[in-house]
Amino acid sequence: MIRHYVWLAAIFSGSSIALEVAPNSPCGKKCIDDPKNGNPAWSNASLTFGPDLPCLDSDYIGKNATKEGKKLSDCQTCMQSSGWEDAESGERDTTWFMFNLRGAADYCLFGRFGEEHNDDVSSTEPYKQCYSACNPIYAASDYRVKSDPERYDYCDSNGNYTSDAQNCIKCLYDADNVTILGNVVATLTELCNTKPGKNINFDEDIYNTTRIKLPSAISTTSTSSTQSSSSSASNSPSSDNQSDSGLSKGALAGIVLGGLVAIAAVLAGILLLLRRVKKRREVKTGDTASGQAFIAPPAPDSSSYYASGKEHRYMHYGEPAATGPISELPSENVQELMGPSSPVEIGVGQPTTRK
């Protein structure tokens, strides 16, 4: 959407004040050059020029307020909340609201507005007080301001307008008689953040000497405060809830510490169990050594079948009574030969005869 400017016609039509507004807008009477007899449907009845954009607070408020300041304030305040879009041309009040803001910032700070130039800009208060601080937005401020007014290309065409304008805004707020101009630049950064279509979602009074509070700045501050509160709460013993965005460092540290304590407890339990098992074994070994759990057989004498100095799995005690197998002896002599006091330990699965 590009509006064709009839500059010569506007120049020769006189010095009437006009500001851009969408055709047939309910704000037309507040913005066009001739509120009484002008036609709000005619685009060229509302052309904005640099001299129609006041720069100082005193132009808007107080006994020295000018008609230019009054008209700009009324026109812009109306378009800020109108939400108007012309069905035939597609023009929106939102577009011209931003256009007039950009024109004021460009003309007041740098003495230009498209093809217009103010050769005396260096003598103006905004230039003298804040030119250096505002210089980072010099190129972006005028970028396609008249050839493509509905786009937000100025926001990032030469750097980042939102961040680059911060020092400029601060300077204007701290300087004398240019707080409203500071509000203008601050609103332009807000438009870069929100990029509104038909409606602008804030109703701050820009043309007042009170510094405005923009929704995006308030939202950012609120988010930071909420995150800080969540982080503090996670370190508090009474906090049981965590933010959906993730665990804080304090919560992570608590989890790690809890894990280490659990591991230590498990290791301590294992060590205690091992000590108990060892103690039980020692008790059993002591009982065995004292003869309480096992009665050792008498030691074999020198006539044992196996030499006393040797070890063998199966030990036979007592003297052999005959050279032949036991099975060949008479049954009545077996008990007599073996005797009741000569126990014989026979291995399982081993033959019972002697060789």
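## A walk through the model

Start by selecting helix H4 (residues 93–110) and helix H5 (residues 125–134): their axes come within 8 Å and cross at roughly 105°. An angle from 65 to 115 degrees counts as roughly perpendicular, and H4 and H5 are therefore roughly perpendicular to each other. Now show the side chains where they touch. On H4, pick Cys-108, Leu-109 and Phe-110; on H5, pick Pro-126, Tyr-127, Tyr-131 and Cys-134. Sorted by class, this contact of H4 with H5 has seven nonpolar residues, with no polar and no charged ones.

Next, colour by confidence, since this is a predicted model. The chain averages a pLDDT of 77, and 65% of the residues score at least 70. H4 has the highest mean pLDDT among the elements of the chain, at 97, while helix H1 (residues 7–12) has the lowest, at 42. Then select residues 233–245: the pLDDT there is below 50, and the stretch has eleven contacts in the model beyond near neighbours in sequence. Residues 302–323 also have a pLDDT below 50, with 23 such contacts.

Most residues other than glycine have a negative phi. Click on Asn-24, in the loop between H1 and helix H2 (28–31). Its phi is positive, about 65°, although Asn-24 is not a glycine. Asn-24 is partly exposed, with a relative accessible area of 41%.

Then hop to Asn-177, in the loop between helix H8 (166–174) and helix H9 (179–194). Here phi is positive too, about 70°, and Asn-177 is partly exposed at a relative accessible area of 31%.

Technical notes:
Residues are numbered from 1 along each chain as its sequence is written. This is a predicted model: local features need pLDDT of at least 70, side-chain atom pairs count only at pLDDT 80 or more; totals for chains, interfaces and linings use all residues. Side-chain values use heavy atoms; hydrogens and water are left out. Axes are lines fitted to C-alpha atoms, for helices over the stretch in contact, and angles run from 0 to 180 degrees between N-to-C directions. Helices (H or I, at least four residues) and strands (E, at least two) are DSSP runs, numbered from the N terminus. Angles under 35 degrees count as roughly parallel, over 145 as roughly antiparallel, 65 to 115 as roughly perpendicular and the rest as oblique. Contact means heavy atoms within 4.5 Å. Ala, Val, Leu, Ile, Met, Phe, Trp, Tyr, Cys and Pro count as nonpolar, Asp, Glu, Lys and Arg as charged, and the others, Gly among them, as polar. pLDDT is the predictor's confidence in each residue, from 0 to 100. Buried means under 20% relative accessible area, exposed over 50%, partly exposed in between (1.4 Å probe, protein chains only).
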